[in-house]
Amino acid sequence: EYADKDVWALIFQPGFSTNESVSEFSGRGVGMDVVSSNIAQLGGTVLIDSRPGEGTDVTIRIPLTLAIIDGMLIQVGKAVYTIPTVSVQEFFQHDRNKIITDTSGNEMLMIRRKCYPLIRLNRLFGADGGGGERDGIVIMVEDAGKSLCLLADELLGQQQVVIKSLPEYLRKVRGISGCTLLGDGTISLILDIATLNDHDTGGISFERRTGRNTA
């Protein structure tokens, strides 16, 4: 006897046909076996889940290094970072008068009578120059229902990017999920909003994360 998943996997066999009767043309087209083998060469898998009378789900999983996302490019000093567009809520000009600093040195931004943690990306990543200290732009991002604000120098625009995996020594850097190669050959780090938003209190403690003074 065959398990359901083994029966569904028959569709990936070369020459498989759903025709009721076999003819000289049965299974002569490009079948699912080609799809399966090509995805396997990329390190991915194809999964099938089917229920009579309900329908069939075909799930294709590919490595993260081949994922394409819509990204928002921002300038921080001389570096260019990419924010997944799905995480961007809004952006606006930086107003220093709306920044509140608590007793621990954490900065928050007052927007529509609500306080949001503020991260100066130049301080977080040690970027040379810039940082939006004066005329920068604030990008409000959200993940899992939590919002925070990122301070950058300039908004460069939106672009589809291919995610590349990070070298081993960079994978433990908090706030970075991968990198991408831009059209001009520049390498842009992709921000991980989930880890940036992982804070215990109302703000981000740069001293705890990077060992640098935030005063």
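Tutor: Happy to! Keep in mind that this is a predicted model.

Student: Which residue in β10 is the bridge partner of Arg-120?

Tutor: That would be Leu-151.

Student: And how do β7 and β8 pair?

Tutor: Strand β7, residues 107–111, pairs with β8 in the antiparallel sense, over 4 bridges. Within that pairing, Met-108 has Pro-117 of β8 as its bridge partner.

Student: What's in the hairpin between those strands?

Tutor: The hairpin of β7 and β8 has 2 residues between the strands, and Arg-112 takes a positive phi there, near 50 degrees.

Student: Why is β8 described as largely enclosed?

Tutor: Because 5 of the 7 residues in β8 (residues 114–120) are buried, the strand is largely enclosed by the rest of the structure.

Student: Switching to the inside: which residues of the largest nonpolar core touch the most other members?

Tutor: Those are Ile-74, Ile-83, Leu-150 and Leu-191, in a core of 21 residues. Several elements each supply at least two residues of this core, among them β3 (68–76), β4 (79–84), β10 (146–152) and α4 (193–196). As a general point, nonpolar side chains in soluble globular proteins tend to be buried together.

Student: What does Ile-83 touch?

Tutor: Leaving aside residues up to four places away in sequence, Ile-83 touches a list including Asp-70, Met-72, Ile-74, Val-88, Val-141, Leu-150 and Leu-191.

Student: Now the outside. Which residues form a nonpolar patch on the surface?

Tutor: Tyr-2, Val-7, Leu-10 and Phe-16 do, with about 440 Å² of accessible area together. Val-7 sits in helix α1, residues 4–8.

Student: Why does Val-7 count as partly exposed?

Tutor: Its relative accessible area is 41%, and partly exposed covers values between the buried cut-off of under 20% and the exposed cut-off of over 50%.

Student: Last one: where is Pro-167?

Tutor: Pro-167 lies in the loop between β11 (154–162) and β12. This proline is also partly exposed, with a relative accessible area of 34%. Along the chain, Pro-167 and Cys-179 are 12 residues apart, and their C-alpha atoms are separated by 9.7 Å.

Key:
Residues numbered from 1 in each chain as written. Predicted model: local features only at pLDDT ≥ 70, side-chain atom pairs only at ≥ 80, totals over all residues. Heavy atoms only, no water. Patch = residues over 30% accessible without salt bridge, like charges linked within 9 Å, V, L, I, M, F, W, Y side chains within 5 Å. Areas by Shrake-Rupley, 256 points an atom, 1.4 Å probe, with all protein chains shown as cover. Salt bridge = Lys/Arg side-chain N within 4 Å of Asp/Glu carboxyl O. Buried < 20%, exposed > 50% of the residue type's maximum accessible area, 1.4 Å probe, protein only. Core = buried A, V, L, I, M, F, W, Y, C linked by side-chain atoms within 4.5 Å. Contact = heavy atoms within 4.5 Å. Pairing = 2+ DSSP bridges.
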